Amino acid sequence: MSSPEAPGEARGHAEPPPETVNQRVAEWNEAELGVEGTLLGVVTAPAPVLSAEGSRVDPTAPEVVQLAADLVATMRVSPGCVGLAAPQVGESVKVFCVDVSEHPKTRDHHGTFVLCNAEVIESSRNEKAREGCMSVPDLTGDVKRATRLVVRGQLPGTGETVTLRANAFEARALQHEIDHCDGFLFLDRAAGAHAIHARKTYL
Ligand SMILES: [Zn+2]
């Protein structure tokens, strides 16, 4: 996921108190993987890999560990990028990275992490906001997403199963990346053509 050029105003209700972050996930970083990440090219719509459901992976497999490192490396060099999923680099598998720590709409968060085989366990409190995507470089869209989320997945390398509570912008980024792994783009979630906008500037 990438930041839209014109983030919407924060809307509505008073913010709930911060959820407790999962310390294991918050302390994770790509150094744990023990391999150097390589920069990968990002594919853009309508590449078929973007609309295919990714396969589940063995999070301990060396190729998955390498992919995790590559995703983080590619996210890091991409301005405005707050998450990148394996299908976006041409790999039809359920692996993605997220890091919303630098984003102005972030509240509490887990820093940089990679999840394999992630699934949404609980979601609530939908809110509409603008999203962008490196695989859809010319458009942004207004997408309704849950602002409170519980996600379960596995860490690459160790294969530990982790459950984390996310809110606000991190919750949005997680739903966007899990969607990629299931073969959906934000365009599939936007509420019709009026919710799709031309991107005026590249981030
Ligand atoms: Zn995306």
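**Exercise 1. State where Val25 sits and whether Val25 is buried or exposed.**

Step 1. Val25 belongs to helix α1, residues 23-27. Helices here are DSSP runs of H or I with at least four residues, strands are runs of E with at least two, and both are numbered from the N terminus. The model is predicted: local features need pLDDT of at least 70, side-chain atom pairs count only at pLDDT 80 or more, and totals for chains, interfaces and linings use all residues. Residue numbers start from 1 along each chain as its sequence is written.

Step 2. A residue is buried if 20 or more other C-beta atoms lie within 10 Å of its own, exposed if 12 or fewer, and partly exposed in between, with C-beta atoms placed from the backbone. Val25 counts as buried because 23 C-beta neighbours lie inside 10 Å.

Step 3. Leaving aside neighbours within four places in sequence, Val25 is in contact (C-beta atoms, placed from the backbone, within 7 Å) with His110, Phe113, Val162 and Leu164. The C-alpha atoms of Val25 and Gly111 are 8.1 Å apart, although 86 residues separate the two along the chain.

**Exercise 2. Find the strands that pair with β4.**

Step 1. Two strands pair if DSSP finds at least two bridges between them. β3 and β4 run antiparallel and are joined by 12 bridges; here Ala129 stands opposite Val143 of β4.

Step 2. β4 also pairs with β5 in the antiparallel sense, over 7 bridges, and Val151 stands opposite Leu164 in β5. These two strands form a hairpin with 6 residues between them, and Gly157 in the turn has a positive phi of about 95°.

Step 3. Strand β6, residues 196-198, pairs antiparallel with β4 over 3 bridges. Thr140 has His197 of β6 as its bridge partner.

**Exercise 3. Describe the largest nonpolar core.**

Step 1. A nonpolar core is a set of buried Ala, Val, Leu, Ile, Met, Phe, Trp, Tyr and Cys residues joined through C-beta atoms within 7 Å. The largest one has 50 residues, and Ala68, Leu71, Val95, Phe96, Cys97 and Val114 have the most contacts inside it.

Step 2. Elements that each supply at least two residues include α2 (62-76), β3 (113-131) and β4 (139-154). The largest share, 8 residues, comes from α2.

Step 3. Take Cys97: beyond four places in sequence, its contacts include Ala68, Leu71, Val72 and Met75, as well as Phe113 and Val114.

Note on methods. Contact = placed C-beta atoms within 7 Å.
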